[in-house]
Every structure is written in C-alpha cells, then in structure tokens.
Amino acid sequence: MKKLFSFFTKQAPKKNIFPNILVSKTEKKMGTFVNLQCLVASEDLALFVMEKAFLLIDKLELLFSRHDTTSLLSVLNEQGSITDFPKEFSFVLEQANRVEEKTSGAFNSSVLPVLEYLETHKNISQKELSYCFQLIDSHAIQISEKKVCLAHSDMKITLDAIAKGFIVDKIGELFEEYGIVNYLINAGGDIRICGMKSLEKGYEKSWKVAIEDPYKKGNYPSVFTLMRGALATSGNYEKYFSGNTHHIILPRLQQKADEKMPLSLINMEENISPLVKSVSVLANTAMEADAYATAISCMPIETALSYVEQINLSCFIIDEKDIIHTSKNWLVR
C-alpha cells in the first residue's frame with residue numbers, strides 16, 4: 001500500500017500569465033458527484049490537473065471506502081489490525097481520534113456496526129441494535145508507528161464523516177502545487193474554495209455557495225460568497241433507513257452501556273432520532289468542516305453554538321421546526 005501514491009509522471013502543460021479562463025469538470029466519485037472548477041490562464045493545464053485530481057480520488061478511495069471490500073479500511077475492519085499502511089491512512093485515523101477527543105465523543109468512528117445493522121435490517125431488534133451500540137468505544141482506534149488495531153472483536157469503524165473532507169483538501173493542495181490558486185471543489189456538499197471565480201476588471205466575482213434545502217426544493221436557506229475556506233453540511237435528510245431513522249447516529253449510548261443498564265431500559269429513539277435537520281460548518285479545511293458538521297449534529301443546539309466559537313469555527317443549524325440558528329461568527333470569521 002505504501003507504493004499507492006507513486007504516480008503522476010506526465011509533464012504538465014506550460015502556464016500562461018493571466019488567469020481568465022473558467023474551467024469546470026464533473027465526475028461521479030465517492031458515491032456522489034464531484035465538481036472541480038478553476039480560473040486559469042491555460043485550459044490545458046486545468047484539464048491536466050483535474051485528470052490528476054480524479055485519479056487521486058480513486059487511489060484515496062482504496063484507502064478509506066467502507067463500501068469497497070478491498071479497501072484498506074475494510075481490511076482493518078475484517079482483520080482487526082493492519083501493519084502495512086501509508087501515512088495518509090494513519091493521518092486521517094489520528095485526526096478522527098483528535099476530533100472525538102475534542103468533542104467528548106460526539107464524533108465517533110466506531111458507529112459502523114450500528115449503521116450497518118440499520119442498513120440491512122427492516123425489522124429492528126432492540127436487543128441486537130443495543131449490542132451494536134455497545135460496540136461504540138471512545139478508544140476504538142489504537143495507532144502506533146507500525147500498527148493500527150481496533151480495541152476489540154466485532155468492532156468496525158467508518159471514516160465517512162472525515163475522509164471525504166480530507167480528499168477534498170488533497171485536491172486543493174494538488175491545484176496549488178500547479179499554481180492554480182483560484183478554484184472551487186465540491187464533493188457532494190463538501191466544499192473547499194480559494195481565490196476568485198473571475199478576475200476580469202469590472203467583472204470580479206467571488207465563488208457563490210448555498211446551504212442545501214432540507215426539502216430539496218431549491219429554497220436555499222442561505223446563499224453567500226466565499227474567497228477562502230471550506231463548508232460541509234451534515235443533514236438527516238440525506239439518508240433514511242426504516243421509518244424515520246436517519247444516518248446521524250448519536251453515540252451517547254456508550255455511557256449507558258458502561259453503566260451496565262439493562263438492554264430493555266435503553267431508549268433507542270433517544271440515540272437515533274434527529275436533534276436537527278441540518279448542520280453546516282465553515283472551517284479552514286474541508287476535513288475539519290466535514291468532521292465537525294457530524295459532531296455538532298449530535299450536540300444540543302445551544303451547546304453547539306457556543307462550542308464552535310471556542311474552536312474558531314462557525315455554524316448554521318436548521319432545527320426540527322425549521323428554525324435557523326447561527327453562531328455569532330457565522331460568515332464573519
């Protein structure tokens with residue numbers, strides 16, 4: 001796996017001077033649509049770098065995808081440990097642990113058994129689902145220089161809420177390595193932006209982004225421009241299992257399991273019902289925005305609003321009654 005990133009040997013086209021050509025390309029990757037846009041002086045250069053970017057996505061998916069049984073993450077989940085891994089993999093795992101610690105467990109990568117159970121069972125058994133919740137562990141991932149292992153058997157992890165943001169950031173770094181400093185990357189709502197959409201005198205434009213409408217009717221609750229930074233949205237409207245159970249899993253049951261509470265007394269609805277309809281986070285990197293959007297979805301709203309300002313992020317929350325809440329520094333970072 002360490003040889004995975006030894007690619008891209010083709011020479012880049014030569015760059016011109018003034019960036020005045022807007023180039024856009026979209027491909028389906030990571031189970032969503034990835035749109036790359038950049039303002040450049042050379043269309044050939046833009047297309048060359050975009051081709052590299054899509055190849056990079058494919059190679060990184062071989063590390064992080066939970067849906068590909070051959071991915072490194074799937075191997076870790078199957079075996080319980082691995083000893084041969086590239087630095088990109090351990091870096092994302094370390095960042096997942098870091099966000100989990102900083103959010104007191106609101107972000108937790110070991111929720112995969114719960115997700116998989118809900119994805120594969122129409123008739124939910126409280127006892128079986130309770131056991132899946134008890135696999136959520138605050139010390140799930142153990143990382144050393146030469147080995148990554150999971151805390152105990154039956155445990156599985158998912159990096160869905162952080163790896164896509166990491167990949168978006170790597171594409172941004174790739175653009176900048178080739179001197180492209182005006183770009184927008186949108187991977188299914190994980191967005192990274194740098195520079196301007198237009199520099200032509202009299203027509204200068206920043207990139208315009210929007211918060212997704214939870215009802216998917218195009219009534220965007222917020223539309224604004226951005227010149228640098230990242231935006232990610234976590235919403236309970238994205239994926240439903242049986243009934244009204246959505247893809248945001250609240251890992252609070254771990255505390256109850258630690259207290260040895262009888263399974264019959266565990267309230268499942270308390271751990272899989274939505275607190276909010278969507279949370280959008282603005283951050284310096286897409287990885288931060290991605291991870292914290294998920295974590296904040298699992299927090300009480302007032303706690304979330306106060307918390308994001310403490311860690312120099314900002315957020316936009318739509319609650320269950322469609323009321324909008326924003327941190328004081330929303331769009332004033």
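## Ala53 and helix 1

Ala53 has its place in helix 1; helices (H or I, at least four residues) and strands (E, at least two) are DSSP runs, numbered from the N terminus. This is a predicted model, in which local features need pLDDT of at least 70 and side-chain atom pairs count only at pLDDT 80 or more, while totals for chains, interfaces and linings use all residues. Residues are numbered from 1 along each chain as its sequence is written, and side-chain values use heavy atoms, with hydrogens and water left out.

With a relative accessible area of 0%, Ala53 is buried. Buried means under 20% relative accessible area, exposed over 50%, and partly exposed in between (1.4 Å probe, protein chains only). Not counting residues up to four places away in sequence, Ala53 touches Leu36, Ile171 and Leu174; contact means heavy atoms within 4.5 Å. The C-alpha atoms of Ala53 and Gly172 are separated by 8.9 Å, although the two are 119 residues apart along the chain.

## The chain as a whole

The chain has 333 residues, and buried residues make up 52% of them. Its secondary structure comes to 10 helices and 13 strands. Of the contacts between residues at least 6 apart in sequence, 61% join residues at least 24 apart.

## Nonpolar cores

A nonpolar core is a set of buried Ala, Val, Leu, Ile, Met, Phe, Trp, Tyr and Cys residues joined through side-chain atoms within 4.5 Å. The largest one holds 75 residues, of which Phe64, Phe89 and Leu159 touch the most other members. Helix 1 (residues 43–64) gives the largest share of this core, 12 residues. A further core of 13 residues lies apart from it, and includes Val209, Leu231, Phe316 and Ile318.

Phe89 is in contact with Leu63, Phe64, Leu72, Leu73, Leu76, Ile82 and Leu159, leaving aside its neighbours within four places in sequence.

## Strand 10 and its partners

Strand 10 (residues 228–235) is largely enclosed by the rest of the structure, because six of its eight residues are buried. Strand 7 (residues 190–194) pairs with strand 10 in the antiparallel sense over four bridges; two strands pair if DSSP finds at least two bridges between them. Ile191 has Leu231 in strand 10 as its bridge partner.

Strand 10 also runs antiparallel to strand 11 (residues 276–283), joined to it by six bridges. Here Ser234 stands opposite Val279 in strand 11.

## Ala210 in strand 8

Ala210 lies in strand 8 (residues 207–211). At 30% relative accessibility, it counts as partly exposed. Residues up to four places away in sequence aside, Ala210 touches Tyr220, Ser222, Val223 and Leu231. Between the C-alpha atoms of Ala210 and Gly189, which are 21 residues apart along the chain, the separation is 9.4 Å.

## Helix 9

Helix 9 (residues 286–297) has 12 residues and reaches 17 Å from its first C-alpha to its last, close to the 16 Å expected at 1.5 Å a residue. The expected span is 1.5 Å times one less than the number of residues in the helix.

Since 10 of its 12 residues are buried, helix 9 is largely enclosed by the rest of the structure. Among the buried residues are Met287, Asp290, Tyr292, Ile296 and Ser297.
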